[in-house]
Amino acid sequence: MTVLSQTFFYLALIVVISPLSLLAIFASSMLFGYRLSETTQAKLTKITNITGLLVALVIPTIMMITGKNRIVVELGRWVAIDKEHFHFHLKLIFDQLSVPFLVLCFVLCAVVGTFAASYLHRDKGYSRFFFYYALFQLGMILSALAGTIETLFLGWELVGLSSAMLVAYFQSRPAPVRNGLRIWSVYRISDAAFLIAALTMHHLTGVGDFELMTGTEPWPGGSTLVDSGSIIQIGLLLIFAAAGKSAMVPFSGWLPRAMEGPTPSSAIFYGALSVHLGVFLLLRINPILAASLTIQLMVIGLGLLTTVFGALTSRVQTDVKNGLAYASLTQVGLITIEIGLGLYYFALVHMIGHACLRTLQLLRAPSTLRDHQWLENAVGSHLSNSEMREARWAKPIHPRLYRFAMHRGNLDVFLDRICIRPFISLFQWFDRIEHRITNAIEGGESRISQNIHHSEDPSKGNR
Amino acid sequence: MPELHFPWIEAAIIIPLIVSLSLWRVTDSHRQKIITSITSCIVLLLCTGEWIDFARLNIYEAHDHWDLTSWILNREILVVDALSAPLLPLAALLYTAIIATTLRTKTVRFSFRSALLSLSTLLATLSCRDAWMVILLLTLSSLPILHELSIRKRSNRIFLIHTILSILCMIFGQLFIDLSADSSRTHIIGGSLLTIGCLIRAGIFPMHCWITDLCEKSAFGTAILFLLPMTGAYAIMRLVFPIAPSYALQAIAILSLLSSIYAAAMSAVQVDIRRLFAYMFLSHSSLVLVGLELTTPIGLAGGLLVWLSAGIALLGFALALRSIEARTGRLSLQFFHGLQDQIPFLAGMFLITGLAAIGFPGTIGFIGMEMLLEGAVAIYPTVGVIVAITAAINGISIMRAYFLLFTGVNHPSTGSLACKPTERIAILLILLLIIGGGLWPQLGVHSRYLSAKELIQHRAPLSENVTRSHPELTTVSK
C-alpha cells in the first residue's frame with residue numbers, strides 16, 4: 001500500500017466514521033434511556049460536521065496536488081465466500097462526481113444542523129430529529145462515495161428510512177404520518193426496482209463494483225460491460241428507481257407531502273440532497289445511459305415531463321414550502337434533461353448550485369412575511385406585484401392548465417387508481433374469501449379479532 | 001460417527017422434561033415462572049455449548065458423548081448436524097425469551113408446564129433424523145396447542161383439520177417410501193404425500209389458514225413458540241430434501257414463492273395486528289423455503305441464513321408486540337393508537353426488529369436476504385424479482401403497523417406502561433444479536449455456507465436415483 005493510498009484510506013475512514021459516531025451516540029442514548037442535553041447534541045453535531053467537512057476538503061486538495069482524479073478505497077470485505085465469488089465490499093470511490101457531492105453533503109448538513117439546533121429549541125422531538133439527521137447524513141455520505149452497488153444500496157436505504165420518519169416528525173397528527181407512510185411506500189418500490197437492476201447487472205457482468213461495471217476510466221468516461229440486449233431492461237429499472245427517489249413524474253405527489261416535516265428537514269432532504277439522489281444515481285451510471293439512445297431519449301422525456309409539470313404546479317401553490325418544492329422539481333427535471341443530453345459536468349454543477357439555493361430559500365421560508373415587511377419598511381411603501389401579461393394563445397387553455405396545476409396533475413389519484421386501490425381491493429377480496437372458508441369450517445364466526453375490533457370505539461375518528 | 005464432548009442434546013431434552021413433570025406440584029404461577037425461566041436458561045446454555053462444541057469439531061454430524069438413546073434403542077436417534085446445530089440454541093433462545101417476558105398478569109393463562117414439554121419435544125425434533133421419529137414428535141408438538149385451545153374454550157377445528165391432514169399425509173407418505181423401492185412410482189407418490197404433509201405444516205398457500213387462526217385464538221406466546229421454530233421447513237429438510245428429485249424441489253420453491261408474495265400482500269391489508277404478524281411470519285418462512293429449495297450453495301446458504309435471521313428478528317418483533325398487547329389488549333390496525341410517548345423503548349424495538357426481519361441494511365437479515373436474492377437470480381431472474389417485491393411489500397406492512405400503533409394521536413393513559421426489566425433485557429439481547437449479526441456477518445455466513453455445501457453433497461446420491469429412473473420427469477421440469 002503506497003503512502004497516498006494509505007492516506008486516503010484513513011481520510012475515507014474519518015469521513016464515514018464522523019456521521020457514524022454521531023449516530024452511535026444518539027442511538028445509544030435513546031436505547032439506554034440517558035438524555036443528552038440540547039447543547040451537547042448540537043455540539044456533537046457541530047464537531048462531527050466540522051471534522052467531516054475538513055477531511056472532505058483535504059481530499060480534493062490532495063487529488064489536485066497529486067493529479068489523481070479517481071481513487072478507490074477499500075475499507076474491507078464485509079462478507080466473502082471466495083469459492084463462489086460472493087463478496088460484499090465496502091468500497092468507496094473518490095472522483096470528480098463523488099467528491100463535490102460529498103463536500104456539498106457536509107456543507108449543507110452543517111448549515112441545517114446549526115439552524116435546526118435553534119429552530120427546534122425545546123421541541124419535544126429534538127433528540128429524535130437529530131437521531132434521524134445523523135442517520136440521513138450517514139446514508140447520504142455512503143451513497144455519495146459508494147464504489148459498489150451494495151454500498152450504494154446501504155446508503156440509499158438509510159436515506160429512505162430517515163426521510164420517511166422525519167416527514168412523520170409531528171407524530172401526534174395523522175396527516176404527517178400518512179404522508180410519511182406514502183413516502184416510505186414510494187421509496188420501497190423504487191428501492192425494489194434498484195435492487196432488481198443491481199442484481200441483474202451483477203448477474204450479467206459477474207461483478208458488483210462500479211469501476212468494473214462502468215469501466216475503470218475516471219468519471220464521466222467509462223463504458224459498460226452490460227450487453228446491448230439487457231441494457232434497456234436495466235436502464236428502465238434504474239430510471240424507475242431514480243424517478244421514485246427524486247420525485248419525478250409520476251411519483252411527484254410525495255414531494256409536497258414531504259413538506260409536512262419540520263423546515264430544517266424539508267430543506268436538507270427534499271430541497272437539497274435527498275431529492276437529488278435519483279439524479280446522482282443517473283450520473284453515476286452514465287455509461288449505461290450512454291450505451292443506448294433509447295434510454296437517453298427516455299431520460300430526456302422523463303426530465304421534460306417533470307420540468308413542465310413542476311413549472312406549472314409551482315405557479316399555483318398557495319404556501320411557500322410547496323411552491324419551493326415544485327420549483328425544486330422543475331430544476332430536477334432540467335438536470336435530468338442535461339444528463340440525458342450527456343452534459344454530465346453541467347448537470348453536476350447545476351445540481352450543486354440548485355441544492356445550495358434551495359436550502360437557503362427553504363431555511364428562510366418560515367420568515368418570508370418578516371422579510372417582506374422588512375423590505376417594505378426599507379422601501380417605505382407597499383411592494384407592488386408586477387402584473388402578468390397573458391399571451392392570447394394561452395387564453396383558451398389557461399383555465400384547464402390552472403385546474404391541472406391546482407390538482408397537482410392528479411398524479412396521486414392516478415397512482416391510487418392504477419396501483420394502490422386495485423392492490424388493496426384484490427387482497428381484501430382474498431381476505432374475505434379466507435374469512436368465508438374459515439367460517440364455513442368453524443360453522444360460525446371464526447375470527448375473534450372481528451368481534452374485538454367491532455366493539456372498539458369508532459369515535460376516535462382517526463382512521 | 002464422531003462424538004461431542006458432553007451429552008449436550010440429551011441433557012437439554014431431559015432437563016425441561018423432568019422439570020415440567022415436577023411442576024405439577026407447584027401451584028403458585030409466579031414460582032412456576034421462576035423455575036421455568038431458570039430451566040430454559042440452563043437449556044439455552046446447553047444448546048449454545050452444543051453449537052460451540054460442534055463448530056469446533058469441524059464435522060458434518062455428531063452424536064452426544066455417552067449417547068444413551070443409541071445404547072438403549074441400538075439406533076442413532078439424536079444426531080446433531082450442520083443444519084440443526086444452530087437451530088437448537090435458536091429454539092432455546094425463543095423459549096427463554098418468551099418465558100422470561102411473560103408478565104405476572106399473563107402467568108395464569110400461559111402454561112409453563114406445557115412450554116417446558118414443548119421445548120423438550122422441539123429440541124428432540126430438531127436433533128432427530130429418523131423420519132418416523134420426526135413425524136411422531138411433530139404430532140406430539142401439536143397436542144399442547146389443542147389442549148390450550150380447549151381450555152380457553154376456543155374452537156380448534158381449523159387447527160385440528162390441518163394438523164390431522166398434515167400428519168396423515170406424512171405417515172402415508174413415509175409408509176409408501178419405506179415399502180417401495182427407490183425408483184418406483186409408489187416411491188414418487190410417497191414422496192409427494194410427504195411433501196404435501198410438510199407443506200401443510202409449513203403453512204404454504206393455500207393451506208395456511210391455520211396459522212392466522214392459531215395466532216388469533218391461542219395465547220400469543222404459545223402461537224409464537226409453535227410457529228417461530230419453523231418446524232415445517234425443518235420437516236421438509238429432513239424428510240423431503242434428501243430424497244426429492246430436482247423437479248420436486250422446484251415445485252416446492254414455486255409454491256413457496258407464491259406463498260411468500262401472497263402473505264406479504266395480505267399482511268399489508270390486515271386490520272388486526274396478530275393477523276399481520278401471522279402473515280409476516282408466513283411470508284418469511286416461505287422465503288426460507290424458497291432459499292432451501294434453490295439447491296445452489298449460495299441460495300441454500302441464503303435460505304439457512306434467513307432462517308436464523310428471520311427467526312431472531314421475528315422473535316424480537318413478536319416480543320415487542322406481546323409486551324404492547326399485555327399493556328393495551330388486542331390492537332386494531334383500523335385506528336391510530338399513538339403509543340410512542342408511552343412506550344418509546346418498545347416502539348423503537350418494534351421498528352428495528354421489523355426492519356431486521358425484512359433485511360434492512362446493517363441488521364442481521366441483510367446479508368441473508370442478499371444471498372437469497374443472489375442465489376435466486378443466478379437460477380431464475382424472475383424469482384429474484386418476486387423476492388425483491390416481497391421484501392418491499394413486507395417493509396411497507398411493517399411501517400404501516402408502526403405508524404398505526406405508535407403515532408397519529410396522543411394515547412391517553414393514566415398509569416405507566418413502561419417496560420419491565422426482564423422485557424427490556426430480553427429485547428436488548430435480541431437487539432444485540434440483530435445489530436451484531438448485521439455488522440459482523442462473516443461468521444454466520446461462513447458456517448451456513450459450509451452447511452449448505454454439506455447438505456447438497458449428502459443429498460446428491462439419493463435424489464439422483466429417482467431422477468435416473470424417471471428421466472421424463474426431469475425433462476418436464478426443465
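Domain bounds here come from an automatic or database domain assignment. For chain A, that assignment gives domain 1 (3-368) and domain 2 (418-447), and their centres, taken over C-alpha atoms, sit 40 Å apart. Keep in mind that this is a predicted model: local features need pLDDT of at least 70, side-chain atom pairs count only at pLDDT 80 or more, and totals for chains, interfaces and linings use all residues. Residues are numbered from 1 along each chain as its sequence is written, while chains are lettered from A and ligands numbered from 1 in the order in which they are written.

**Confidence**
- The complex gets an ipTM of 0.91 and a pTM of 0.92 from the predictor.
- Chain B has an average pLDDT (the predictor's confidence in each residue, from 0 to 100) of 88, and 95% of its residues score at least 70.
- Residues 469-478 of chain B stay under 50 in pLDDT. Where pLDDT is low, the predicted coordinates should not be read in detail.

- Counting a contact when C-beta atoms, placed from the backbone, lie within 7 Å, 50 residues of chain A touch 52 residues of chain B.
- Helix 6 of chain A gives the most to its side, with 15 residues; helices (H or I, at least four residues) and strands (E, at least two) are DSSP runs, numbered from the N terminus.
- Other elements of chain A giving two or more residues include strand 1 (70-81) and helix 18 (411-442).

- A cis peptide bond joins A:Val249 and A:Pro250, with omega about 10 degrees; A:Pro250 lies in the loop between helix 8 (228-245) and helix 9 (254-258) of chain A.
- A:Ala247, in the loop between helix 8 and helix 9 of chain A, has a positive phi near 60 degrees without being glycine. A:Ala247 counts as buried because it has 29 C-beta neighbours inside 10 Å.

Key. Two residues are in contact if their C-beta atoms, placed from the backbone, lie within 7 Å. A residue is buried if 20 or more other C-beta atoms lie within 10 Å of its own, exposed if 12 or fewer, and partly exposed in between; C-beta atoms are placed from the backbone.
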